[in-house]
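Please keep the sequence and the structure in view while reading.

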Amino acid sequence: MNRLILPLLLVISSHLGANAAGSGNPDGEALRQVLGSPAREVADRMRDEDRKPVEVLQFLQLESGMTVLDVYAAGGYFTWILSHAVGNDGLVYAQNSPRTLRYEEGRGEITQGDALTQKLEDGALDNVRRIDRSVRDTGLPRSSVDFVLVSQILHDYHNRNPAQAIRLLETLHDLLRPGGILGIIDHSGIEGTDNRRLHRMREADARNVAEAAGFIVEADSDLLAQPEDNPHRSIFDPMLARKTDQFLLRLRKPDPDSAGNL
């Protein structure tokens, strides 16, 4: 990383984490400054226009100081952002299975595992802990996490077998504290197509497995809508240029002590 830029990121990160845990969303403008820094990888900055990370995390009600689990963090696109968003008082677990660490990142010039290692080192992300193990075997205690992000992977579980998606979400439900948040982002599919081949799923199916796993579907958003997407094409089709229509859900683990869940 450029040594002249690192102090700027540290100052902004300190500002983002100035609030105590549970005190509200991180400063969106400060986070945008971090995301726009030339110290960040160009490939990641180019993805921001479509992925809208600041708006997504605000919708999902991420708060500074939270403990976060980034499920299948891959090369760390969201890990980097989450690290700065939760600030110095927060903690981010970047989870990847040993098999997915060997997958190619981007154009295949580097593995996802190596890409994540490089991000953590170059970005000095001291509040990130790697979990290079299956999501079913993270070693984290029950009710130890405030926020979980499941981005663009639930379809893989559901399309193999809906029961697998429910088991995944049940595992995450167990890790979340009562009242904790789980965010789901995924590629929208439609009825009557081979969504397994296309790597898509219907939002209705995501809602069904979430409720089966014990979550409350608290809110949805069209932030990531792409009306020009063709749902009959694979998400990897170069004609789509990654501009797929995606749904965004905020789930809540019920809290028996909260009047709102009585």
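A polar contact is a pair of N or O atoms within 3.5 Å; within protein, one of the two must be able to donate a hydrogen and the other to accept it, and residues adjacent in sequence count only if both atoms are side-chain atoms. The model is predicted: local features need pLDDT of at least 70, side-chain atom pairs count only at pLDDT 80 or more, and totals for chains, interfaces and linings use all residues. Residues are numbered from 1 along each chain as its sequence is written, and side-chain values use heavy atoms, with hydrogens and water left out.

The secondary structure comes to ten helices and nine strands. Helices (H or I, at least four residues) and strands (E, at least two) are DSSP runs, numbered from the N terminus. Buried residues make up 52% of the 262 residues in the chain; buried means under 20% relative accessible area, exposed over 50%, and partly exposed in between, with a 1.4 Å probe and protein chains only. Contact means heavy atoms within 4.5 Å. Of the contacts with a separation of 6 or more, 75% are accounted for by residues 24 or more positions apart.

Begin with Gln-95, in strand β2. Its relative accessibility is 4%, so Gln-95 counts as buried. A polar atom of the Gln-95 side chain lies 2.8 Å from the backbone nitrogen of Tyr-72. Besides Tyr-72, the residues in contact with Gln-95, leaving aside neighbours within four places in sequence, include Asp-70, Val-71, Ala-73, Arg-133 and Thr-138.

Gln-112 lies in helix α6, residues 112–122, and is buried at a relative accessible area of 9%. Not counting residues up to four places away in sequence, Gln-112 touches Ala-74, Gly-75, Thr-100 and Glu-105, among others.

Ala-74 is found in the loop between β1 (67–71) and α5. With a relative accessible area of 15%, Ala-74 is buried. Its phi is near 55 degrees, a positive value in a residue other than glycine. Most residues other than glycine have a negative phi. Gln-152 also has a positive phi, near 65 degrees; this residue lies in the loop between β6 and α7 (154–160) and is partly exposed, with a relative accessible area of 21%.

How much of α5 is buried? Ten of its ten residues are, so α5 is largely enclosed by the rest of the structure. Among them are Tyr-77, Thr-79, Ser-83 and Val-86. After α5 comes Gly-87, with a positive phi near 75 degrees.

A nonpolar core is a set of buried Ala, Val, Leu, Ile, Met, Phe, Trp, Tyr and Cys residues joined through side-chain atoms within 4.5 Å. The largest such core has 32 residues, and those with the most contacts inside it are Leu-57, Leu-62, Val-68, Phe-78, Ile-81, Leu-82 and Phe-147. At least two residues each are supplied by α2 (28–35), α4 (53–59), α5 (77–86), β2 (91–95), α6, β6 (145–151) and β7. The largest share, seven residues, comes from α5. Leu-82 touches Leu-57, Leu-62 and Val-68, as well as Asp-70, Val-92 and Leu-149, not counting residues up to four places away in sequence. Apart from this core lies another, of 30 residues, among them Val-71, Leu-168, Leu-172 and Leu-182.

Two helix pairs remain. The axes of α2 and α5 come within 10 Å and cross at roughly 140 degrees; axes are lines fitted to C-alpha atoms, for helices over the stretch in contact, and angles run from 0 to 180 degrees between N-to-C directions. The two helices are therefore oblique to each other: angles under 35 degrees count as roughly parallel, over 145 as roughly antiparallel, 65 to 115 as roughly perpendicular and the rest as oblique. Leu-31, Val-34 and Leu-35 of α2 make the contact with Trp-80, Ile-81, His-84 and Ala-85 of α5.

The axes of α8 (residues 162–175) and α10 (residues 203–212) come within 8 Å and cross at roughly 55 degrees, which makes α8 oblique to α10. Here Pro-162, Ala-165, Ile-166, Leu-169 and Glu-170 in α8 meet Val-209, Ala-210 and Ala-212 in α10.
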